[in-house]
Each structure stands twice: as C-alpha cells, then as structure tokens.
Amino acid sequence: MSLLKVRVLSDGFDAPNAQAFVYPLIMHREQLRESGYDIQITDQISDAISGSDLLFLDARHFSGRRKGEVDYILEQIDRLKTSCATLIWCDTTDSAGFLHEEILPNVPVYLKNQVLSDRQLYLKPIYGRRLFADYYHRKQGVRDAEGTEIGVTAQIQNPELLSRIQVGWNSSLANYSKHGLMRTRLYRRLGWQWLLSNQVRFHSPGAERNLDLSLRMSFNYARDSVAWQRRAVRDLYKNDIPNDRLKRTEYFRELERSRLVLCPFGWGEIDYRDYETIISGALLAKPDMSHMETWPNLFRANETMMSFDWDLQSLREQVGEWLGDKERCETVARKAQQEYQRHLCGPDSGWIFADRFTKIVNEIHKMTAGEGQANAK
C-alpha cells in the first residue's frame, strides 16, 4: 500500500496548543501509518515541503517569526503552495469565534480546533472575536480598554470562504494529569517518546469527596470583555469558596476532593481546567457550549457536564440542584471521564483518532477537487 505523505510544520512542544496539536500525531503514528499515512513532523520549512502530498501548517509556528507579521506569513504560504500538493492551515487558537482573517483567503483548507456552529456569524462583527465577549458587550455594556478593542468589523467579507473552515481536533488529546506537565517538559528537552505515555491515571468519580465546589483560576485578562464572565462567577461565590491559585499538587488534591468544578470561559471556551476536572472525576460545570463545534466533543449538556446560561442568573440555583443529587453528579462525571478516556488513552484511541484523521483528509480531497474544477471553468 502506497502511503500518503503528510508533512506537519510545527514547533511542537514550544507552546501548549501546539503540543496538543502534534501529541496525537506522535502517539498514534502506528495506527495512522496502517491507515495509509506517512506522518512526519518538522519545524523546518525545507523538510516540510520535501515530497509532501498534504502539508499541515501549525499556525503557532509563525507566531514567533517577526511576531506573526502577515506579510511574512503570506510570503511563506505562497512559497509552500508551489511546492506541495495541498496546504492546510491549522488554527489552534482558543476561541471558536476568532479567525486568522488575512490567512483564510490564501489557503484552500482552514482547519480549526473549534468553530462556530453557525458559520454565518463569521460574516458579522463579533466584539472581541469571541461570541461570549460580544454577548457581554451587548448585554452588560462591557467595553475593552482603548488599544485592546477588536472585533468591530466582520472577519470574512466573502461568504464563499466559509466552506474552507473545517473542524480538526481540539486540545484535549494531550496529557493533562497531575504529572503530565512535567513529563512533556522533559520530552521537550530529551525527546524520549515514552515520556509522552498517554496512560493517564483517572481519579474515580465515586471516590470520597468532601468539598462541594472548586473555583481556582486566573481572573486577570487584558480585555474586560473576556474576563467579565469569570469575574462575575467569582463574585457570585466570593463569600463561599476560595479562588486564589494553588500549587499544582495542591490544586489536583482539591479537584479530587470536589464534587463540582466551575469552569467559565477564558481566552476561549475550552480551558485546560476542563480536562483536569474530568481526569479528577469531578463534575464539570461550564457555560452553554451549543454555539460551537469541536472534536472530540466532551461538552454535552446534562450528559458529560452541567451547563449554565451565559447570563448567570440561575447559576447558584442550578449548582445547588446538582449538588443536591449526588448520584446525578457522579453519573455525568463518570460519563465524561469514560468518553475522555476512550479518546485519549483507551485501547482503541489510536484507531479512533486515525478514523478522525481519515475523515478530515477525505473532506480535504473533496474541497480541493471542487476548487480545482471551479478554477478549470
């Protein structure tokens, strides 16, 4: 069987989102190869374009190059497009609403961790380039400080570009366990693949839990429209639970003792705390996530998490109801953990990812074939 040559231009473990992007490509290389893909990851452009059929560009690779100057990036894209069959831009930014708007018209496929379910929204201004920031801007009158305000114009002018935006895989497919951070740092220095073992130790949802709530996170953001939700949740519980940061071991110890963990949005809808919560066996409580698509989808209301409205009006009441039903909390937390474990480190996780990758590749082929036919006309 001839293999499809897939090259991935990425700095890998230099940034958390880049790490999560390449992690499953490394861990499941064998299953990907048996599925027909020769995967090679490099941070050198000359190696990336060497005989590639598909070239995946991790956007983080360019963030430190002239600080992401658009002209430089577009120049490199033009160079790469002449040297490989198909180029795929991989946007690993946190928010579903944020696009690299200058890049999209210049690439045939735009792969993103999470995208807005209603693609038409990209044709409209989204304050702060986040749907939730836009919501608090309109409903609460929140404005960002002068010099930090973004999103006052639409990111996409041409509706035909919407079809280029596809869902890739999100940041969940990495090791967020208690010792995962240390292991990935060591891997970055030493390059020993066994350090990336995805045999994550999950803490049972049925374990003894003597804390009702946990709310440990950062509340300091340069943009008030991004920070408003977190600060509002903090203020609702300021007299009930502490919210200062803890050392990592103490933080995980608290998660493993908690029944419910409040995880408002941060820079994006998904936060590493979401995965840490699921690993620790606590019930994940997040704002409504129905506005976005992602894979794997670990954020299903009342099935894998407790969901609450963005206006936060009934949050305390909802939390009280969930905490009053211990069996329900445990059942939903267990479902989330089983789903996460199946995708991250279950016996079939490699094949699940390889199947997802194949679906992405098939969609890429359909898109680029359609574009080629259109250009021929």
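**A chat about salt bridges and burial**

Guide: Let's start with a network of salt bridges that links Arg300, Glu303, Glu339 and Arg342. A salt bridge here is a side-chain nitrogen of Lys or Arg within 4 Å of a carboxyl oxygen of Asp or Glu. This is a predicted model, where local features need pLDDT of at least 70, side-chain atom pairs count only at pLDDT 80 or more, and totals for chains, interfaces and linings use all residues. Residues are numbered from 1 along each chain as its sequence is written, and side-chain values use heavy atoms, with hydrogens and water left out.

Visitor: How many salt bridges does a search of the whole structure find?

Guide: The search finds 22.

Visitor: Which side chain does Arg216 meet in a salt bridge?

Guide: That of Glu254, at 2.9 Å from N to O. Arg216 lies in the loop between strand 8 (211–214) and helix 7 (224–236), and Glu254 in helix 8 (residues 248–257), so the pair ties together parts 38 residues apart in sequence. Helices (H or I, at least four residues) and strands (E, at least two) are DSSP runs, numbered from the N terminus.

Visitor: Is Arg216 buried or exposed?

Guide: Arg216 is buried, with a relative accessible area of 8%, and Glu254 is buried too, at 11%. Buried means under 20% relative accessible area, exposed over 50%, and partly exposed in between (1.4 Å probe, protein chains only).

Visitor: New topic: what share of the protein chain's residues count as buried?

Guide: Of its 377 residues, 55% do.

Visitor: And how many helices and strands are there?

Guide: The protein chain has 12 helices and 12 strands.
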